[in-house]
Amino acid sequence: MFQALGTHGPELSPTMGLVLDLILLSTAFLLLSAPKRRSIHDVMLMATLVLSVSLLRVVMQPLPNIQPVTVACLLVGAQLGARRGAAFAVMVAMLSNFIMGDGWWTIFQAIGWASVAVVGANATLVLDGVYNLRRTCIAAIGTAFMFDFIVSLSIIDGTFGVVDFMLYLLNGIPFDVLHAVGNIAFAVWFGAWFASILEEQPTRETLDTTVMEGYGIDA
Amino acid sequence: MDRRPLLLVALVVLMLPSFEATAQQSAFDDEFNLGWEHNFGDVYITTAPLFHDDAMFVRTSASWGGNDGPSVSSFNLEGDLLWSFGNPNSTRHDMAPLMVVDAGNGACGSWPNMLIIGWSDGLIEAREPADGSVLWTHQSKAITWGISGSMEHENDRIVVPTRSGVVALCASNGAVEMEASTGLGWRNGVSVVEGEYLLGDEDGVLWAVSHSGEVRSLDLQNGKIRHAPLLTPSGLFVQSQGANGGTVSIVNTTTLTVSARLPIGPSPAIPIAVGSTVVSADSEAIRLFDCAIECYQTDRAPFRSNGEIGAVHHGQFMLPYNDETIGWGLIRIASNGSLVLTTVNTGADGYGTSSPGYYGTSEGEYLAFGSDDGVVFVFTSASKDAQPIAGDERLEFDWMAQGIVFLLFLSLGGAAIQLLRKNHASMVKFFSLYAVLIGLLIVDGVALQWAEMVEDLSTPPSDDDGPWDPAWDESWRGTQIVSFTIDGEVRSAGGFEGYDTALELTLAACEQLGIEITSEPTGLGEYVVAFDGEEGEGWEYSVDGREPGVSSESKPLDASSRVHWYPAEAR
C-alpha cells in the first residue's frame, strides 16, 4: 500500500494513489448529491469555479504559501453552504494536485480546505446579500493558520514525536503569516466580487411560490 | 480627531524599505573594470591578496582531497606571473595573511624588503618579494596544524602566533628572540599593544605576552577567539565565538579585566578598526561600533559574513557574503556615522572568506578579489582602464527588481492617495497588496532567521558535540568531522578545520572519501539529492546531534562540529 515512510508522510504506491482519488471523488459526489435537483446553471457554476480556482492555484504556485483557494473556500461555503463548499474544496485539491503533485498530503489539503468551507458557512460572511469585509478578513486570518495546521498533520508518522511536530509548526509560522496576509489581499480585492457571483439566483419555482404566497393563493 | 496625518506618516515610514531597495545600486561598476583574472585550479583563496611595490601576492589553501596544493604566487599589475612556490609539507589549510616588511635595521641586524609567510605545517619563511628566494626560515611546532593567524612586525621583531603560543623572531635572520606557550589557536592573529603581544585561543582565553616572554591571561569564557585583538581608545576589542552567538568584550589592557560586554551574532568575522570605529560582521549583520569613550554599537545592516573585512578605496570597507548569490558588501560610513551598505558582484562571489586586496597608485586603483573556486579577479579603476569590457553589466536592466519596486511604490502611493480621499476601503486594498509584496520579498530571509532562533530555543546551551565514535581517529578530536550512512554503512572523515557551513564541510569530506554528491539549488538553499547515486526518500543531516531547520549551506559550523548525513527513511 505505502511504498515507504518519507519526510512528508507515507509515499503512495500507484494503486494507493488511485484509491485515494476514488475516495476523494466519491466524497465530493456524496457531498453534492442532495434530494433537491440542481439546475444546469448550478452544475456549470460549480464546474467553472473548480476549474478556475484550481488553475489560479497552479499559476500562483511559485509564490510561497499564497493560497487563493482558502478565501475561495470561505466564500463558497458562505454562499453555497457547507456541503457544496466542502465538495468544492475536495475537487480543487484533487484537480490542482494532478498538476502540482499528488500524494498523501492531498487528503490533508482536502480536509483543510473543506474545514475552511465549513467555517465560511457558519461565519455569516454574507448577510442579506451584503458582503462583510471585516468578518471575512478575520476568518481569512484564522483559517490560514487552521489550514496550515491541518496540512502539517500529514508529516506525522511513527518516527515523528510531539516535540518534533511542535518545532515543525513553529518553523512554519513565517509562512503561515504570509498565507494570512495573502488571504486578506484576496478578500479585500476580490471577496465582494466573488461573493456576488456565488449569490444564489432564485429559481423559477421559488419565484412562483413567493408570488403565490404573496397573494394568498394555495398551490 | 483627524488621524489621517498620523496614518500618512506611518505610510511614509513603510516606504523606507522601498527606498532602501532602490538604493542597492553601487558606484563600484562605474569606477572599476575587470582587468585580468588568474585561475589557480582546485584550491581556495581564503586570505586577501596583498599588493606591494607594483606587485601582487596571492596565497591559496586547499582541501585534503584536492588535486592542487597550497601556494604563494606573485604577479605584476598586468597579470603576468612572476614566481610561485608551494610547501610540500603543508597540511593544506593555509590561510594566515601574508605580511610584507620593509627593509630596515635594528638591534639584531639589518634586513631587506621581505615577504613573511606562515604555513599550516608551522613553517615561517621570509622571502625576497622580487624573486621569491628564501632569506630565512623558522620551524614552529604544529599540532594538527600550525600557523593560521595574522602576524605583526614590531621594530626588529617578526611576531608570529603559532599553533600553541607566540614567537618573536629577529627580522634579520629569523633567530628566536622570545617564545611563549599559550592555548591552542585557530586564526589566532596577534596584536602588539603597549609592549605586549596579545592573542586569543580556542578556549576563549586572552593572552598577553611581554617582550621577555612573561605571560598573563584572562579567561573571557564566551567562546573561541579567532582574530587579532584590536586596540581602541575604550580598550581592547575582543570577539568571542560562542555556541549560541558571539560576544564582544572590551578589555582593560593594564589590569586585564573586562569593562564591558556586547552581544553580537554567531560566527563573527575578523573585525577591523579605524581610529575609534570598529567594523565587524557575523552571520546576522554587519555592525559598526564607536569605541571612542565607551564601546557601543552605532549601526547595523543585515548581512552574513564570517571571514576577513578589508579597507578599500575612498575609506570604504569590503567583505564577502557567505552565500552564493549576494556577492560582496561595500560599506561606507556616512557623515552622520551611519553604515551605508551596497552590494557588488565581482565574479569571485560565493562562500568566500577573504577580503579584497586594495592598492592605490597615482595612475589608478586596484582591487583583487579571491574566490572560493581558486580564481583571483583583479579590477582596475576606470580612469586607468577606460575601455568598456564585454558584457558591461551596467547596461543590464533588471526587469523583475524594477517591476517589484514599481509595484511597491504604486501600492503604497495608492494607499496614501486613498487615505487622503478618506476612502478607507480602497486604502486597505492597496495596503494589502503592499503587505503581500513585502512579505514575499522577506519571507525567505525571515524564515531562515526564525528557524535558527527556534533551533536555539529548542536546544539547551551546551558545548557537547555529540557522541564520540570509537572508530574515529583520536587526532580528529577538536576538529570538524563528517559521517555518512549510505546503504547502512557508516563512512567518516575528520580532521577538517575552517569550514564555515555544513555544505562546505560535506563537499570537502565527499572529496576525501571519494563519495559522489548530487545536489540542486532551491529557493531555500542547496538541497542534497543523492550520495553515490543513492537518492532514497531524501537525505537529512544533523550537526552535533541536532537537526537544523535550514539548508546545509546555511548552517554555520564551529571548529569541532560533527555533521552526520543519513537517509530520510532512517529517521
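B:Asn252 stands opposite B:Thr257 in β23(B), a strand that covers residues 257-264 of chain B and pairs in the antiparallel sense with β22(B), residues 245-252, over 7 bridges. Here strands are DSSP runs of E with at least two residues, helices are DSSP runs of H or I with at least four residues, and both are numbered from the N terminus; two strands pair if DSSP finds at least two bridges between them. The hairpin of β22(B) and β23(B) has 4 residues between the strands, and B:Leu256 takes a positive phi near 55 degrees.

This is a predicted model, in which local features need pLDDT of at least 70 and side-chain atom pairs count only at pLDDT 80 or more, whereas totals for chains, interfaces and linings use all residues. Residues are numbered from 1 along each chain as its sequence is written, while chains are lettered from A and ligands numbered from 1 in the order in which they are written.

On one hand, β17(B) is joined by 3 bridges to the antiparallel strand β16(B), residues 191-193, with B:Ser191 opposite B:Leu198. The hairpin that β16(B) and β17(B) form has 2 residues between the strands, and B:Glu194 in its turn has a positive phi of about 45 degrees. On the other hand, β17(B) pairs in the antiparallel sense with β18(B), residues 205-210, over 5 bridges, and B:Leu199 has B:Trp207 as its bridge partner in β18(B). That hairpin has 4 residues between β17(B) and β18(B), with B:Gly204 in the turn at a positive phi of about 85 degrees.

Elsewhere in chain B, 4 strands form an open sheet with antiparallel pairing, in the order β2-β3-β4-β5. The edges are taken by β2 (50-52) and β5 (81-86) of chain B, each with a single partner strand, so one side of each is left without a neighbour in the sheet. From one strand to the next, the twist averages 15 degrees. Within this sheet, β3(B), residues 55-59, and β4(B), residues 71-76, run antiparallel and are joined by 5 bridges, and B:Ala55 stands opposite B:Asn76.

Chain A has 9 helices and 4 strands, and its elements run β-β-α-α-α-α-α-β-β-α-α-α-α from the N terminus on. Of its 219 residues, 39% are buried, and among the contacts in chain A with a separation of 6 or more, 76% are between residues 24 or more positions apart; two residues are in contact if their C-beta atoms, placed from the backbone, lie within 7 Å.

Two packed helices are described by the angle between their axes and the distance between the axes. Axes are lines fitted to C-alpha atoms, for helices over the stretch in contact, and angles run from 0 to 180 degrees between N-to-C directions. Angles under 35 degrees count as roughly parallel, over 145 as roughly antiparallel, 65 to 115 as roughly perpendicular and the rest as oblique.

The axes of α1(A), residues 14-32, and α4(A), residues 82-100, come within 8 Å and cross at roughly 155 degrees, and the two helices are therefore roughly antiparallel to each other. Among the residues that make the contact are A:Leu24, A:Ala28 and A:Leu31 of α1(A) and A:Ala87, A:Val90 and A:Met94 of α4(A). By class, this contact of α1(A) with α4(A) has 9 nonpolar, 1 polar and 3 charged residues, where Ala, Val, Leu, Ile, Met, Phe, Trp, Tyr, Cys and Pro count as nonpolar, Asp, Glu, Lys and Arg as charged, and the others, Gly among them, as polar.

Helix α4(A) also meets α3(A), their axes coming within 7 Å and crossing at roughly 155 degrees, in a right-handed sense. The residues that meet include A:Val69, A:Cys73 and A:Val76 in α3(A) and A:Gly85, A:Phe88 and A:Val92 in α4(A).

Conventions: A crossing is left-handed if the near helix is turned anticlockwise from the far one by less than a right angle, and right-handed if clockwise. A residue is buried if 20 or more other C-beta atoms lie within 10 Å of its own, exposed if 12 or fewer, and partly exposed in between; C-beta atoms are placed from the backbone.
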